[in-house]
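This report goes through one protein structure part by part. Please look at the sequence and the model before reading on.

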Amino acid sequence: MRPDDKKEVAPEAIPSTIAIDGPAGSGKSTVGQRLAQALGYLYFDTGVMYRAVTWLALNRGVSVGDERVVSELAERIPIDVEPLTEDDGRQFTVKADGEDITWSIREPDVEANVSRVSAYPAVRAALSAQQRRIAGRGRIVMVGRDIGTVVIPGADMKIFLDASVEVRARRRWSEEQARGTQRPFQEVLEDIRYRDRIDSTREVAPLRPAADAWVIDSTGLSVDEVLRIVLDGLTEAQPDSN
């Protein structure tokens, strides 16, 4: 966290539940984590739950196209998101049935199949219920694709973070390169485009900004610049913050 991240933020004036939605590679996870750190809130990237279910299916030899069996996994296997347990660059620890799968869910095969799994109604219902319980505790920054529209439509503040598909693919490619995953940029770009199509056209909880969401285009902005815009906006939105 940067030294000035908490500047001008009045804890008693800021929203208790903040939803950040956006497409793959928009920077919502990085911004959400930094924002949660600045506010002293819980950071919860709900997308890891869908990745966990996808990993479970692949790891157990279940076809991701078998909606019934994949949905049963989502309903039956406990998935937890916990504070950091390893200093290895992770944002939090993800466990499925007690097993640490934090990095396993970032593998290319999970990336390529998670949108299909996340489109299943029963999967979304099973995971959304857990997400709502967590959100009910307050003081939370929840990140995903349908947080402000479906999971917690009553969130105190809703942000939709976007960027051009090329910029988002470059960000994702750079992340993979840093982890030692060698994939051509063009392949990553096509994956991002595919996920955009799936996420925005699915019948259940399609990706879109909530009607009252604050839309921020991060195409030409750094993480620091986006974070500063959000932090400034939080205080400006509160008439009694001064």
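## The model

The model is predicted: local features need pLDDT of at least 70, side-chain atom pairs count only at pLDDT 80 or more, and totals for chains, interfaces and linings use all residues. Residues are numbered from 1 along each chain as its sequence is written, and side-chain values use heavy atoms, with hydrogens and water left out.

Helices (H or I, at least four residues) and strands (E, at least two) are DSSP runs, numbered from the N terminus.

## The sheet

Strands of a sheet pair through backbone hydrogen bonds, either parallel or antiparallel. Here, 5 strands form an open sheet in the order β2-β6-β1-β7-β8, and the pairing is parallel. Strands β2 (42-45) and β8 (214-217) are at the edges with a single partner strand each, so one side of each has no neighbour in the sheet. From one strand to the next, the twist averages 20°. Two strands count as paired if DSSP finds at least two bridges between them.

One of the pairs joins β1 (residues 17-21) to β7 (residues 157-162) in the parallel sense, over 4 bridges. In this pair, Asp21 stands opposite Phe160 in β7.

## Helix α9

Helix α9 (residues 223-236) packs on the sheet and touches β1, β7 and β8. Contact means heavy atoms within 4.5 Å. The direction of α9 makes about 155° with that of β8. For such angles, axes are lines fitted to C-alpha atoms, for helices over the stretch in contact, and the angles run from 0 to 180 degrees between N-to-C directions. With 14 residues, α9 reaches 20 Å from its first C-alpha to its last, close to the expected 20 Å; the expected span is 1.5 Å times one less than the number of residues.

Which residues of α9 are buried? They are Val226, Leu227, Val230, Leu231, Gly233, Leu234 and Thr235. Buried means under 20% relative accessible area, exposed over 50%, and partly exposed in between (1.4 Å probe, protein chains only). The buried residues of α9 pack against β1, α1 (28-39), β7 and β8.

## Salt bridges

The whole structure holds 21 salt bridges, each defined as a side-chain nitrogen of Lys or Arg within 4 Å of a carboxyl oxygen of Asp or Glu. One of them joins the side chains of Asp224 and Arg34 at 2.8 Å, N to O. Asp224 is in helix α9 and Arg34 in helix α1, so this pair ties together parts that are 190 residues apart in sequence. Asp224 is partly exposed at 36% relative accessibility, whereas Arg34 is buried at 9%.

Arg60 and Asp97 form another salt bridge, with the closest N and O atoms 3.8 Å apart. Arg60 is in the loop between α2 (47-59) and α3 (67-76), and Asp97 is in the loop between β4 (93-96) and β5 (99-100), 37 residues apart. Both are partly exposed, Arg60 at 40% and Asp97 at 47%. In the salt bridge of Asp191 with Arg183, the closest N and O atoms are 2.4 Å apart. Asp191 is buried at 19% relative accessibility, and Arg183 is buried at 9%. A network of salt bridges links Arg51, Glu111, Arg172, Glu175 and Arg195.

## A buried threonine

Is Thr54 buried or exposed? Thr54, in helix α2, has a relative accessible area of 0% and is therefore buried. Not counting residues up to four places away in sequence, Thr54 touches Val110, Asn113, Val114 and Val117.
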